[in-house]
Amino acid sequence: MEKELLENRINNLEKRLDSMEVKMEQIYSIKEVLSAIETTLSNTKARDEKQDKQTEEQAKLIQELVLSLEKLNNKVDNTDKCIQSLEEKVDSFVSANTISVVGVMKDWLLKILIGALGVLAYIKIK
């Protein structure tokens, strides 16, 4: 009887050992899965950090571009103001000189007309 009890106990222990081996294999599989997840998370974190750095660099470049565009816009505005000022000066110069030229032309035409009338009068008198 003791022999049977011992055999039963040995059988039970063997079954438990087999069950423990299966559980150990499951634990190793779970450990491998967890290790793979940890590696994936680490890679994702590294990639996210790299993307964050690239995003910061792009933001800086965009800020610099905006500042450059603002400076360029200011220069264009200043150039436009200078052009308007020059146009006004040219217009006033042309207006002033056109009146002078018209006045000079009038004087010349009047003198020529008077001279021509004088010549005609002289011719008629002769």
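How many positive and negative side chains does the chain have, and how far apart do the centres of the two sets lie? There are 19 positive and 22 negative side chains, with 15 Å between the centres of the two sets. Lys and Arg count as positive and Asp and Glu as negative, leaving out His and the chain ends; each charge is placed at NZ of Lys, CZ of Arg, CG of Asp or CD of Glu.

This is a predicted model, in which local features need pLDDT of at least 70 and side-chain atom pairs pLDDT 80 or more, while totals for chains, interfaces and linings use all residues. Residues are numbered from 1 along each chain as its sequence is written, and side-chain values use heavy atoms, without hydrogens and water.

**View 1. Overall form of the chain.** The secondary structure comes to 1 helix and 0 strands (DSSP runs, H or I of at least four residues for helices, E of at least two for strands, numbered from the N terminus). The C-alpha trace spans about 180 × 20 × 10 Å along its principal axes.

View 2. Val33 belongs to helix 1, residues 2-125. Its relative accessible area is 48%, so Val33 is partly exposed (buried is under 20%, exposed over 50%, partly exposed in between; 1.4 Å probe, protein chains only).

**View 3. Ser85 and Ile125.** Ser85 is also placed in helix 1. With a relative accessible area of 29%, Ser85 is partly exposed. Ser85 and Ile125 are 40 residues apart along the chain, and their C-alpha atoms are separated by 59 Å. Of the 126 residues in the chain, 0% are buried.
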